[in-house]
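Trainee: I would like to learn how the terms for a protein model are applied. Could we go through them one by one?

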Amino acid sequence: PRLANQIAAGEVVERPASVIKEVLENSLDAGSTRLDVDIENGGIKLMRVRDNGGGIEKDDLPLALSRHATSKIYQLDDLEAVATLGFRGEALASISSVSRLTVTSNTGEESNGWCATAEGRDMQAEVAPAAHPQGTTVEVRDLFFNTPARRKFLRTEKTEFNRIEDNIKKLALSRFDVSFNLRHNGRVIHSWRAAHSQVEQERRVAQVCGPAFMENAVHIDIERGDLKLWGWVALPTFSRSQADLQHFYVNGRAIKDRLVTHAVRQAYQDVLFHGRHPAFVLYLELNPATVDVNVHPTKHEVRFRDSRMVHDFLFRSLHHALAEVRP
Ligand code: ADP
Ligand code: MG
């Protein structure tokens, strides 16, 4: 079973940032409103995420860490050569197969919590009592300690930390109702309080994307039928060329999509004669039955049932909003 998990891990656990993404998504799934992330040495030495969500029952703890699957590959080295086996939706098991993983959790029904650990190939999770308030702490140490080939692909600590930070920013822009705290090597990097009003949301966008973005941004809020587009787009006065300041969410999930990029760029070009690197933070909401956001668990792809209609809606909405404020 552990070998199958290591195969799955190849797909989902590429680097520290992919671990953080999975762990934080679990915390959000558990209804957390506060996330504390501690990173050491770019995440290679330690990633610790503490949440205040619903927690994991004692009996479920070992299951969460190790799932059953079969494999016909028996050598770890073979695994590192396998490229294209599908991810099975077993993130924690995958993470535990390539790190030293500790999960401590309390569902709030008992005064104390429970703690389980798993280490590399040793998937036997042992459960022991541990002090913990309601919620869960996931601690990932020594990533890839048992898969040196993968470890070699890691970049500098700074680069790996930047990727972690990028993933947290992406999540922070999708969950204004959750507070995020991020520390690296003991230093506070970000501390973002939950944002409820539009003013508070704009403060968070300024914190995440930089004040210059917000100062030059137009607020958008357009609804047509069951399509809704809201968020912020920067005018050309936001001069930094920012290919990376393009955040687009479909029903709350970050996606990258050519159709979307194209529609946004076209609207900018049409109205402002400037479309090379538009900067935006946009949220598209539509009937979940008309979109498939699970094309691939890690690639942020999306498939619209009526892509022409979505493209039109995006283009027209942005065109309208930009034309109103054209300098
Ligand atoms: P998946 O999210 O696909 O179910 P994971 O391996 O990511 O698989 O997580 C396994 C299970 O562990 C989850 O289904 C959930 O029940 C539990 N779990 C993981 N992290 C948390 C958390 N922070 N809070 C509560 N439950 C959690
Ligand atoms: Mg998960």
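**Core, sheets and loops**

Mentor: Start with the core. The largest nonpolar core has 68 residues, and I20 and L65 touch the most other members. Domain 1 (2-192) and domain 2 (211-325) both give residues to this core, so it lies between them. The domain bounds come from an automatic or database domain assignment. This is a predicted model: local features need pLDDT of at least 70, side-chain atom pairs count only at pLDDT 80 or more, and totals for chains, interfaces and linings use all residues. Residues are numbered from 1 along each chain as its sequence is written, while chains are lettered from A and ligands numbered from 1 in the order in which they are written.

Trainee: What makes a set of residues a nonpolar core?

Mentor: Its members are buried Ala, Val, Leu, Ile, Met, Phe, Trp, Tyr and Cys residues, joined through C-beta atoms within 7 Å. In soluble globular proteins, nonpolar side chains tend to be buried together.

Trainee: Which class does D142 fall into?

Mentor: D142 has 16 other C-beta atoms within 10 Å, so D142 is partly exposed. D142 is also in the loop between β6 (135-141) and α6 (148-151). Its phi is near 55°, a positive value in a residue other than glycine.

Trainee: What about N41?

Mentor: N41 has 15 C-beta neighbours inside 10 Å, so N41 counts as partly exposed. N41 lies in the loop between β1 (34-40) and β2 (46-51). N41 has a positive phi of about 50° although it is not a glycine.

Trainee: How do you know which residues L154 touches?

Mentor: Contact means that two C-beta atoms, placed from the backbone, lie within 7 Å. Not counting residues up to four places away in sequence, L154 touches R15, I44 and E160. L154 and I44 are 110 residues apart in sequence, and 8.7 Å apart in space, C-alpha to C-alpha. L154 has 17 C-beta neighbours inside 10 Å, so L154 counts as partly exposed.

Trainee: How many helices and strands does the protein chain have?

Mentor: Eleven helices and 15 strands. They are DSSP runs, numbered from the N terminus: helices are H or I with at least four residues, and strands are E with at least two.

Trainee: What makes β6 largely enclosed?

Mentor: Five of the seven residues of β6 are buried, so β6 is largely enclosed by the rest of the structure.

Trainee: How do you know that β2 and β6 pair?

Mentor: Pairing needs at least two bridges found by DSSP. β2 and β6 have five bridges, in the antiparallel sense. V49 stands opposite V138 in β6. Strand β3 (residues 100-106) is also joined to β6, by seven bridges, and these strands run antiparallel. There, T136 in β6 is the bridge partner of S105.

Trainee: In the open sheet of five strands, what is the order?

Mentor: The order is β9-β10-β13-β11-β12, with mixed pairing. β9 (217-224) and β12 (253-254) stand at the edges, each with a single partner strand, so one side of each is left without a neighbour in the sheet.

Trainee: How many bridges hold β9 to β10?

Mentor: Eight, in the antiparallel sense. V218 stands opposite V233 in β10. The hairpin of β9 and β10 has two residues between the strands, and G225 there takes a positive phi near 60°. Strand β10 (residues 227-234) is also joined to strand β13 (residues 280-285) by six bridges, running antiparallel. In β13, L282 is the bridge partner of G231, and E285 is the partner of K228.

Trainee: Why is α7 called roughly antiparallel to α8?

Mentor: Axes are lines fitted to C-alpha atoms, for helices over the stretch in contact, and angles run from 0 to 180 degrees between N-to-C directions. Under 35 degrees counts as roughly parallel, over 145 as roughly antiparallel, 65 to 115 as roughly perpendicular, and the rest as oblique. The axes of α7 and helix α8 (residues 198-209) cross at roughly 170° and come within 10 Å. That makes α7 roughly antiparallel to α8. K169, A172 and L173 of α7 make the contact with R204, V205 and V208 of α8.

Notes: A residue is buried if 20 or more other C-beta atoms lie within 10 Å of its own, exposed if 12 or fewer, and partly exposed in between; C-beta atoms are placed from the backbone.
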